[in-house]
Structure formats: C-alpha cells, structure tokens
Amino acid sequence: MSEHKIVLTWKKQTESFAYKDYNREHQWDFGNGLIVNASSAPEFLGNPDCADPERAFAAALSSCHMLFFVAICSKKRLTVIDYVDHATAYLEKDTHGERVISKVVLKPQVTFAEDVEIERQAIEKIHHQAHKKCFLAKSVTSEVKVEPVL
C-alpha cells in the first residue's frame, strides 16, 4: 500500500572504537529537512539530549493511537481541543534473558470542546477502537495498554 522511508546516518567520531568509547549519536532523516538527532538511551552510554529508539518506539505508538482517536472523534463530530499522552515503554528481559520492550503503556488525557457531552464509557470505547485500528499496535509483539486519564 505505501512505503515509509528514512535515512539513518552514523559516523565514528571517537579515536577509540572500544565499546565504552565510541559515539552513539546518529541522525534520522525523514526527508523534507526533518532530521532528528538520535543516540542510544543514556543507560546504554547514549546522549540524553538526543532521541533514543526506546522512547521513539513509545512515541510512535502514542502518535498512531492519537491519530486514530482524533479521526474517530472527528467522524463522530466530537471536537477534541487537546490531547496529551504520557507514554512509557518498558525494557525488560524476556524468558530467554534477552532485552525486549515488553509493553508500552499509553496514558492519554483528552479535552473535548465545551459543547461536547460524552460519557467516560464512550471515551473508553473510542480508545478501544483506536487501539484496534492502530497500524503499529497491530504490528508489534509488545503488549500495548491504553489507560486513559479521565
């Protein structure tokens, strides 16, 4: 149906290539001038001022969920004026002792326009629908939980 390309660029910037010495900073080029400075997470000797793959994973899932949630609300004529999600990806060891993102917890808080009357149960249903439609949530083996802040 569609392709979604990026260009990842990394260059050695240290004299030593020992594990604890080499630089982790790199760039994700999304095209059209959008470049994100990335690194490994600080726990893995990365730069805390850069995006890291684990947080990017949580951000991508959060973004996908939000886009479907807002689309569903738009089609139902439920005007959303603000959406904030405090998402967390959990890096843990699996049954083989390998590190994996075992789960991502989304904690979206949605503010609707003043004239929108909607019950908690209806909001939860829309979150459930958005979760079921999210391309990314359907594509990963990690558990993705949605815990709306209502």
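A polar contact here is a pair of N or O atoms within 3.5 Å; within protein, one of the two must be able to donate a hydrogen and the other to accept it, and residues adjacent in sequence count only if both atoms are side-chain atoms. This is a predicted model, so local features need pLDDT of at least 70 and side-chain atom pairs count only at pLDDT 80 or more, while totals for chains, interfaces and linings use all residues. Residues are numbered from 1 along each chain as its sequence is written, and side-chain values use heavy atoms, with hydrogens and water left out.

View 1. A polar atom of the Ser-142 side chain sits 2.5 Å from the backbone oxygen of Ile-101. Ser-142 itself is found in the loop between α3 (135-139) and β8 (143-146); helices (H or I, at least four residues) and strands (E, at least two) are DSSP runs, numbered from the N terminus. Ser-142 is buried, at a relative accessible area of 11%, where buried means under 20%, exposed over 50% and partly exposed in between (1.4 Å probe, protein chains only). Setting aside residues up to four places away in sequence, Ser-142 touches Phe-57, Ile-101, Ser-102 and Lys-103, a contact being heavy atoms within 4.5 Å.

View 2. Three strands make an open sheet in the order β5-β6-β8, with mixed pairing; two strands pair if DSSP finds at least two bridges between them. β5 (88-93) and β8 are the edge strands, each pairing on one side only. On average, neighbouring strands in this sheet are turned by 20° against each other, direction ignored. β5 pairs with β6 (residues 99-106) in the antiparallel sense over six bridges, and Thr-88 has Val-105 in β6 as its bridge partner. Helix α1 (residues 53-75) lies across β5, β6 and β8 and runs at about 35° to β6. For these angles, axes are lines fitted to C-alpha atoms, for helices over the stretch in contact, and values run from 0 to 180 degrees between N-to-C directions.

**View 3. The β1-β2-β3 sheet.** Here is another open sheet of three strands, in the order β1-β2-β3 and with antiparallel pairing. Since β1 (7-9) and β3 (34-38) stand at the edges with a single partner strand each, one side of each is left without a neighbour in the sheet. Neighbouring strands of this sheet are turned by 20° against each other on average, direction ignored. β2 (residues 26-31) and β3 pair in the antiparallel sense over five bridges. Look for Asp-29 too: its bridge partner in β3 is Ile-35.

**View 4. Asp-52, tucked into a loop.** Asp-52 belongs to the loop between β3 and α1 and counts as buried at 3% relative accessibility. The Asp-52 side chain reaches the backbone nitrogen of Glu-54 at 3.1 Å. Beyond its neighbours within four places in sequence, Asp-52 is in contact with Trp-28, Ser-39, Ser-40, Ala-41 and Pro-42.

**View 5. Ile-123 in helix α2.** Ile-123 has its place in helix α2 and, at 10% relative accessibility, counts as buried. Neighbours within four places in sequence aside, Ile-123 is in contact with Phe-69, Phe-112, Ile-118 and Leu-150. Leu-150 is 27 residues away along the chain, yet the C-alpha atoms of Ile-123 and Leu-150 are separated by 8.6 Å.

**View 6. Glu-114, out in a loop.** Glu-114 is part of the loop between β7 (108-112) and α2 (120-133). With a relative accessible area of 85%, Glu-114 is exposed.

View 7. Cys-50 counts as buried at 10% relative accessibility, and Cys-64 does at 9%. The disulfide count comes to zero, taking a disulfide as a pair of cysteine sulfur atoms within 2.5 Å.

**View 8. Zooming out to the chain.** Three helices and eight strands run β-β-β-α-β-β-β-β-α-α-β from the N terminus on. The radius of gyration of the chain is 19 Å, well over the 15 Å that the globule rule gives for 150 residues, so the chain is more spread out than a compact globule. That radius is taken over C-alpha atoms, and the rule is 2.2 Å times the number of residues to the power 0.38. Buried residues make up 27% of the 150 residues.
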